[in-house]
Amino acid sequence: MPLTRAEIEALAPDQASLKAASGLLKPAKWLSRSRDAAGGLIWGECQGSGANPYRVVADTADHGTKCTCPSRKFPCKHALALMWMHAEDALAFAESAPPEWVFD
């Protein structure tokens, strides 16, 4: 079941992280957004300023997240944005088997 907006706001380390996450809500910023068949695990690749996209994973059941960005905030703006987009439109996430990097 997708997280609610209130739950995502409660997970955010601060208001600045939420504001930064809101800037990443455009689907064009994301190269991919997917979910597993059960719907609890979501992942995506967000293009940042570097050559390689940030790989982001979130578990909507236990609220665990992981991102390849260098942020020291947890969860980072990329994870917050991924969860936020999923909360607003879970069907926009393609259902597929998780790639290997999700489990790294």
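1. Ser-34 counts as buried, because its relative accessibility is 10% (buried means under 20% relative accessible area, exposed over 50%, and partly exposed in between, with a 1.4 Å probe and protein chains only). Ser-34 belongs to strand S1, which covers residues 30–35; strands (E, at least two residues) and helices (H or I, at least four) are DSSP runs, numbered from the N terminus. Once its neighbours within four places in sequence are set aside, Ser-34 is in contact with Leu-41, Ile-42, Trp-43, Phe-93, Ala-94 and Ser-96, where contact means heavy atoms within 4.5 Å. Ser-34 also lies 9.4 Å from His-86, C-alpha to C-alpha, although 52 residues separate the two in sequence.

2. Some notes on the basis of these values are needed here. This is a predicted model, in which local features need pLDDT of at least 70 and side-chain atom pairs count only at pLDDT 80 or more, while totals for chains, interfaces and linings use all residues. Residues are numbered from 1 along each chain as its sequence is written, and side-chain values use heavy atoms, with hydrogens and water left out.

3. As for the overall fold, the protein contains three helices and five strands, and their order along the sequence is α-α-β-β-β-β-α-β. The C-alpha trace spans about 35 × 35 × 25 Å along its principal axes. Of the 104 residues, 40% count as buried, and among contacts between residues at least 6 apart in sequence, 55% join residues at least 24 apart.

4. Which residues of helix H2 are buried? They are Ser-17, Leu-18 and Ala-21, and they cover an arc of only 100° around the axis, which puts them on the same side of H2; the arc is that of the directions from the helix axis to the C-beta atoms. An α-helix has 3.6 residues a turn, so residues three or four places apart point the same way. The buried residues of H2 pack against helix H1 (5–11) and helix H3 (77–88), whereas Gln-15 and Lys-19, on the other side of H2, are exposed.

5. Ser-17 is buried, with a relative accessible area of 5%. Leaving aside its neighbours within four places in sequence, Ser-17 is in contact with Lys-73, Lys-77 and Leu-80.

6. Most residues other than glycine have a negative phi, and most peptide bonds are trans. A cis peptide bond, with omega of about -5°, joins Phe-74 and Pro-75, and Pro-75 is found in the loop between strand S4 (65–67) and H3. His-63, which is not a glycine, has a positive phi of about 70°; His-63 is found in the loop between strand S3 (54–59) and S4, and counts as partly exposed, with a relative accessibility of 28%.
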